[in-house]
Amino acid sequence: RPVGLKLYQADEVVRDRVPGGPIKLGGYVHGLSHVLREQLAAQPPGAGFAGAVVVIVRPGQQSRCWLVTSAELPAGLRGALLQALDKLPAPGVQNGPLALAMQFEASGGAGVRNEALPTPPEWLSVLGGPARPPLTDADLDKLWNAPRAP
């Protein structure tokens, strides 16, 4: 179940880049949640965990997702989740990229809710540490090409 949404850029940047404002991201966030529920329901019962789907969206309805999880996922699950999330049509953005994270809890797992931005492990070397707002367009361009763990 979704438990929060984090934006990696200043509010005015988000308002400028999302036609109709941040509220228009609701449909996309609902889609992310639906994909996670569908994929996790197909898995055998396991230990609960918390996490975040971290997404960079670029103009032209391009998106790329990463996962941050509180526990190691069963073999193949991370790749299957990323593959399914990548198929979700990206929201339209304009004037540059947008980064967001949908935080979630799965199978009864509970996460620590705080003000820190979820930072995929693959981003740490690019950013030199955890993500701190606001991320710049140059940061997002570098992160777009960051590899993803299988």
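A residue is buried when its relative accessible area is under 20%, exposed when over 50%, and partly exposed in between, using a 1.4 Å probe and protein chains only. At 18% relative accessibility, S63 therefore counts as buried. This is a predicted model: local features need pLDDT of at least 70, side-chain atom pairs count only at pLDDT 80 or more, and totals for chains, interfaces and linings use all residues. Residues are numbered from 1 along each chain as its sequence is written, and side-chain values use heavy atoms, with hydrogens and water left out.

**Overall build**

- The protein has five helices and four strands. Both are DSSP runs, numbered from the N terminus: helices are H or I with at least four residues, and strands are E with at least two.
- From the N terminus on, the order of elements is β-α-α-β-β-α-β-α-α.
- The radius of gyration, taken over C-alpha atoms, is compared with a globule rule of 2.2 Å times the number of residues to the power 0.38. For 150 residues, a compact globule would come out near 15 Å, and the protein has 15 Å, so the two agree.
- Along its principal axes, the C-alpha trace spans about 45 × 30 × 25 Å.
- Contact means heavy atoms within 4.5 Å. Among contacts with a separation of 6 or more, 73% join residues 24 or more positions apart.

**Surface and charge**

- Buried residues make up 44% of the 150 residues.
- The protein exposes about 7700 Å², and carbon and sulfur atoms supply 54% of that area. Accessible areas come from the Shrake-Rupley method with a 1.4 Å probe; for residues, only the protein chains shown count as cover.
- There are 14 positive and 12 negative side chains. Lys and Arg count as positive, Asp and Glu as negative, while His and the chain ends are not counted.
- The centres of the two charge sets lie 3 Å apart. Each charge is placed at NZ of Lys, CZ of Arg, CG of Asp or CD of Glu.

**Strand β2 and its partners**

- Strand β2 covers residues 49-58, and nine of its ten residues are buried.
- Two strands pair if DSSP finds at least two bridges between them. β2 pairs with β4 (residues 98-106) in the antiparallel sense, over nine bridges.
- In that pairing, A50 stands opposite E105 of β4.
- β2 also runs antiparallel to β3 (residues 62-69), with eight bridges joining them.
- Here G51 has T69 of β3 as its bridge partner, and V57 stands opposite S63.
- The hairpin of β2 and β3 has three residues between the strands, and G60 takes a positive phi near 90 degrees there.

- S63 is part of strand β3. Leaving aside neighbours within four places in sequence, S63 touches Y28, V55, I56, V57, L88, A90 and W144.
- L143 belongs to helix α5 (residues 137-144). L143 counts as buried because its relative accessibility is 0%.
- With neighbours within four places again left out, L143 is in contact with I56, W66, W123, V126, L127 and L135.
- L143 and A52 are 91 residues apart along the chain, and their C-alpha atoms are separated by 16 Å.
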